[in-house]
Amino acid sequence: MTAQVSKNGAGLNGVKLDAPIFDPIAFRLSDEQAAIIARARELGQSVFAQRATAYDREATFPTENYRDLHRAGLLGISIPKAHGGLGADYQTYALAAAEIGRYCGATALTWNMHVCSTLWSGPLADDLDMDAQTRTEHERRRAIHYKRIVEDGAIYSQPFSEGGAAAAGGVAFGTEAKPVKGGWVVNGKKIFASLSGHADYYGVLCTEIAEGEKASRRNTLYLALPAGADGVSVVGDWDPLGMRGTVSRTLLFKDVFVDEGAALMPRGVYFQAAQRWPHMFLTLSPTYMGLAQAAYDFTVRYLRGEMPGTPPVKRRMYPTKQIAVAQMQIKLEQIKAIWFQAITEACANPSKEQVLRAYAAQYSVMEGANEIATLAIRTCGGQAMLKSLPLERIYRDSRCGSLMLPWTAELCLDRIGREALYEAGETDD
Ligand SMILES: Cc1cc2nc3c(=O)[nH]c(=O)nc-3n(C[C@H](O)[C@H](O)[C@H](O)COP(=O)(O)OP(=O)(O)OC[C@H]3O[C@@H](n4cnc5c(N)ncnc54)[C@H](O)[C@@H]3O)c2cc1C
């Protein structure tokens, strides 16, 4: 499947398209990468941007956007070409996701949960150690998931948060999978489960545990539970500050049987991935890279008197506003630079410097997006933060980035400080 892009710079509804966040020539992207990223930008700007207000206001899931993502081949962006996907690597996916996040944060964030089920079981798993038989089994099983996505438009989510220390990587997941003949029986609870009630499969991180065994992080399983399976329920409401369209309610699993084909990764491989492929947790950042750009774009347009739906009043002649825009532009370029480097060097067994940079990139994007949005509101003024315009949504959505486990802003600071000062295994005793 190939992504098609308009040739004349006009989007799907005749909308004049924005320039890409990362210019393909300046950032040395291939034509194939540029085409996939442009497709995401075109869909985001021409279609998703108009729908974003309603999803946010009503805290409803962007179902229509998912139909469009499927039609555009973007549900399978990171599925290998041999399985009918676009075969995008980590960097290409991250750049495309940033373009979606620029126009609808909730769509980009939930799309990330979906895409990660293919990215982690795909290119990332290909980098990890498995014996030949395990790899053959994995290849057979992931083909089942890829076929559902490419052919039927199946949507996957990624609930791992439980409200305890597991999502931060501290202890084993409390959701348990008991091995039984032909599969597992799953019991547990996931909070903040984006796409709850809307995904077709919940990609649940859980601990495989036989009767009488002690829970261990090494035994983490990554299982796709059908949303309609007996024993799966969605409870609680969802009325948050931002990212309202993610519909991140609570999932309960009561004696849910899944067969062995549900495994998105073989035994032991998720634990290996978390140790050896740490950039897997940087995948929540592209959405917020897009939001940072969106807040900047809004400000320039608004101060030039070119914001659709507002009177053509220019405010750009005031030196204070020019300085604020300069500060925003500098911040944006700083975020772009470190983030582009981090997503470009993502790999198995990164060096210590690369890991510290990944934490720093995550921190810079998550905190920086909200700093830029805050400055945008102060600079543009009261009329700019009315709900008829997207800035206040961008501001609220951007505030949520720092809260995403396991790499929250606090935990990034924590890890950078500790890992910069201590080598592995070092103590002060
Ligand atoms: C819009 C949105 C969508 C989400 N979607 C998903 C999803 O699809 N799947 C999913 O699994 N989760 C999702 N999450 C959940 C997210 O990762 C958190 O689990 C969630 O914000 C709840 O965190 P908490 O209050 O339980 O954090 P707590 O564990 O109570 O921690 C509170 C804060 O303390 C800090 N902290 C936590 N542990 C430590 C530690 N060991 N050392 C030092 N500091 C620590 C962190 O900074 C954290 O933000 C989503 C969250 C949001 C806001």
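Helices and strands, as named on this tour, are DSSP runs numbered from the N terminus, and the model they are drawn from is a predicted one.

Begin at the ligand and select β3 (183-193) together with α11 (409-421), each of which supplies at least two residues of the shell around the ligand. Of these elements, colour α11 separately, as α11 gives the most to that shell, with 3 residues. Now show the 24 residues around the ligand, among which Ser161, Ser194, Met243, Thr408 and Glu410 come nearest. Coloured by class, the shell divides into 14 nonpolar, 8 polar and 2 charged residues, and when coloured by domain it draws at least three residues from each of domain 2 (176-270) and domain 3 (277-421).

From Ser194 and Met243, step across to leucine 109, which touches both of them as well as Thr246 and Thr287, leaving aside residues up to four places away in sequence. Leucine 109 sits in helix α4 (residues 105-126), and it counts as buried because 28 other C-beta atoms lie within 10 Å, where 20 or more are required. Select proline 286 as well: its C-alpha is 8.4 Å from that of leucine 109, although the two are 177 residues apart in sequence.

Next, select residues 30-115, which an unreviewed UniProt entry lists as "domain: Acyl-CoA dehydrogenase/oxidase N-terminal". This span is 70% helix and 0% strand, and its end C-alpha atoms lie 21 Å apart.

Finish with the largest nonpolar core, of 127 residues, where those with the most contacts inside it are Ala96, Val186, Leu223, Leu225, Ala292 and Ala295. Centre the view on alanine 292, whose contacts beyond four places in sequence are Leu332, Ile335, Val365, Gly368, Ala369 and Ile372.

Note on methods:
Residues numbered from 1 in each chain as written. Predicted model: local features only at pLDDT ≥ 70, side-chain atom pairs only at ≥ 80, totals over all residues. UniProt positions renumbered as here; feature names shortened; annotations may be inferred. Helix = DSSP H or I, 4+ residues; strand = E, 2+ residues; numbered from the N terminus. Core = buried A, V, L, I, M, F, W, Y, C linked by C-beta atoms within 7 Å. Buried ≥ 20, exposed ≤ 12 C-beta atoms within 10 Å, placed from the backbone. Contact = placed C-beta atoms within 7 Å. Near = placed C-beta within 6 Å. Nonpolar A, V, L, I, M, F, W, Y, C, P; charged D, E, K, R; others polar. Domains from an automatic or database assignment.
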